[in-house]
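Visitor: I would like to learn how to read the salt bridges of a model such as this one. Could you take me through them one at a time?

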Amino acid sequence: MRITLLASLICSSLVLVACNDSDTDTPVSPPATPTVAAGTKLDLAVLQTTDLHANVLSYDYYKTTDDTTIGFERTATLIDAARKENPNNLLFDDGDTIQGNSLSDFQAQIEPVKCDSQLAIHKVMSHMKYDAGNIGNHEFNYGLKFLGQVTGNAMKTGPEAGQNCKGPDFPLMVSNVNNAGDGKPLFAPYVILERTFKTTDGKDIKLKVGVIGFTPPGIMNWDKRNLEGKVTVLPVVEAAKKYVPQMRAAGADIVVALSHGGISDAPYSPEMENAVYYLAKDVPGIDAIVSGHSHSFFPDGKNYKDIKNVDNVKGLVNGVPTVMAGFWGNTLGVLKLNLEFDGKAWKTKSSQGELKSVSTKDAAGVATTVAAKTEIAKLVEKEHQGTIKYVSAGVGKSEYRISSFFSQVGPTAAMRLINLAQADYVAKFVKANLPQYDKLPILSAAAPFKVNFRGTGFTDIMAGDVAIKNIADLYLYPNTLQAVKINGTAVKLWLEKSAEQFNQIDPAKTANQDLINSAFPSYNFDQIDGITYEIDVTKDKGSRIVNLSLNGKALDLKADFIVVTNNYRASGGGGFAGLDGSQIVIDSGGDANRDIIVNYVKEQKTLTLAKQGPVANWRFAKVKTAGKVLFETSADAAAASVAAQDKINNVSLDSTKADKSAAVFSIDLSK
């Protein structure tokens with residue numbers, strides 16, 4: 001039997017795991033459980049972080065300035081307070097932990113963390129004594145070798161097992177990812193924590209808490225380059241049905257599921273990424289769920305209110321206590337469970353989910369911010385300063401402002417820069433390597449990542465020097481460039497999916513109408529350069545793209561095109577019809593889209609509006625509306641001047657929110 005180092009460490013009297021490499025389906029024999037009197041009561045708080053994305057400090061590396069609305073250093077203060085309030089507690093992280101900002105890129109790609117060192121985020125989490133953590137989809141972004149190293153050899157099998165490097169001081173698990181070679185779990189699928197808690201009458205009692213993790217099955221598409229042929233995935237519910245009974249047989253008194261997925265009642269499928277609803281509905285034996293991935297909040301009295309059997313005040317999904325705590329360390333989730341032993345098993349008599357924010361605003365917009373835990377910054381000072389030096393390196397100059405303020409309502413200089421860099425890369429690649437494609441038109445697709453979707457803010461690069469941090473702010477994710485060969489019909493379907501960003505507008509309606517569908521991820525609003533088209537927002541989804549043309553002629557739907565994009569989209573990410581990975585004809589070999597943009601700016605030396613400015617290749621189909629059509633953007637005083645620079649002349653300021661968090665603009669769709 002081969003057992004990895006971390007599994008060896010956690011197969012102890014304090015933590016039991018599914019450690020049997022030869023047969024993971026064999027239940028672990030439970031230790032003898034002391035007799036517990038019927039009616040014994042116990043209050044237990046499950047504390048949660050999720051989607052930290054390496055945001056250790058309250059700092060924006062893209063702007064090289066403090067951001068007190070995020071950061072684990074402030075979440076840590078909330079953890080201390082919650083532990084003081086709830087002496088019986090467990091602290092879990094739900095994944096997407098090691099990737100997501102310039103600090104993570106610095107430690108993975110610029111000055112890779114050494115085998116005997118912990119990642120900065122793991123260092124501070126270990127300091128806060130987490131009980132367990134899950135593996136999210138973004139954990140796979142830097143490849144299996146890196147993941148195997150920084151998780152401390154937590155991988156149980158496969159080509160990257162056996163590295164014997166230092167990882168976090170708490171167990172990591174995921175139950176639905178297996179090694180393709182032998183079918184065994186890549187990580188321990190679950191752990192059973194043995195903890196001593198105090199009952200409500202003050203007596204010490206030992207409880208066995210089973211903790212199981214799940215990651216979205218979509219990783220096989222989103223990180224195809226890193227995972228294809230190396231791992232396989234199980235659907236989330238199927239993995240739960242396999243392992244939860246094992247955990248109970250192994251002595252788990254209660255079971256907590258760490259599901260890196262959100263809450264959706266869309267029909268269940270094996271590929272479903274947001275499967276929490278069905279974990280709660282269809283898997284007996286789960287007592288509490290920690291949710292994530294969606295960068296959303298639950299319970300908050302607002303989200304998911306229209307889903308049947310969801311209580312967004314108490315925090316219940318199909319009767320199972322559930323919590324989801326935002327992203328980037330902006331929130332701590334607290335799930336209070338009132339447990340009672342009925343003579344045979346522990347049952348949740350009542351529960352209450354709560355969200356604790358690091359920054360809040362009152363009705364007047366006055367902010368109150370939680371103080372940072374000072375030890376956290378001290379632990380990562382070297383990594384922090386190294387990252388600042390890295391992102392501050394200059395790459396060129398710009399004669400104009402590069403802003404995403406209006407990238408949802410018209411062609412902008414920000415999107416144009418991305419598409420120019422991508423198209424330039426592929427044109428050179430085709431010329432050097434693929435002469436058989438040199439007659440095919442090259443189109444380029446890019447989406448605005450930062451238009452304040454779920455609080456991400458905006459990209460705003462001032463005229464003047466351009467640094468790596470600016471490009472990283474424009475292109476937020478470590479995607480790699482890929483290109484697909486598709487026909488005109490697929491191009492139109494691509495644009496139709498992107499156009500779902502907009503609500504359907506009723507021209508006869510006199511009341512205000514919101515243009516942007518706030519639930520649609522901005523990173524799925526691809527804008528394709530090289531063709532011209534209009535979006536008719538008065539039409540139903542799937543029939544909004546009109547006047548689609550190339551060089552002044554209607555686009556030939558049977559003709560072939562090369563479309564430049566990223567590995568996420570080319571492999572099927574976002575659910576775009578006709579994109580599933582089989583159409584990829586150009587793979588950059590690992591060249592990141594953002595690095596391609598950096599190299600393009602270096603080659604150009606100075607960006608000018610004449611050469612890199614926006615081109616009016618798409619617009620809204622003209623329609624006169626009886627009432628106002630509105631959208632939100634930055635409250636920056638210069639927003640209107642940015643619109644003028646980008647030649648978006650049909651928008652005007654309508655109002656500014658009382659707390660100054662956003663400006664509301666109206667758009668005249670008749671112009």
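Visitor: Which side chain does D80 meet in a salt bridge?

Guide: In this predicted model, the side chain of D80 meets that of K373, with an N to O distance of 2.7 Å. Since D80 belongs to helix 2 (residues 72-85) and K373 to the loop between strand 21 (367-369) and helix 10 (374-379), the pair ties together parts that are 293 residues apart in sequence.

Visitor: Is K373 buried or exposed?

Guide: The general idea is that a residue counts as buried under 20% relative accessible area. K373, at 14%, is therefore buried, whereas D80, with 31%, is partly exposed.

Visitor: Which parts does the salt bridge between K428 and E603 tie together?

Guide: Those two side chains meet at 3.1 Å, N to O. K428 lies in helix 12 (residues 413-433) and E603 in helix 16 (residues 593-604), so this contact links parts that are 175 residues apart in sequence. K428 is partly exposed at 42% relative accessibility, and E603 is partly exposed at 49%.

Visitor: How far apart are the closest N and O atoms of K485 and D560?

Guide: They are 3.7 Å apart, and the pair forms a salt bridge. Here K485 sits in strand 27 (residues 480-487) and D560 in strand 33 (residues 560-566), so the parts joined are 75 residues apart in sequence. Both partners are partly exposed, K485 at 29% and D560 at 33%.

Technical notes. Residues numbered from 1 in each chain as written. Predicted model: local features only at pLDDT ≥ 70, side-chain atom pairs only at ≥ 80, totals over all residues. Heavy atoms only, no water. Salt bridge = Lys/Arg side-chain N within 4 Å of Asp/Glu carboxyl O. Helix = DSSP H or I, 4+ residues; strand = E, 2+ residues; numbered from the N terminus. Buried < 20%, exposed > 50% of the residue type's maximum accessible area, 1.4 Å probe, protein only.
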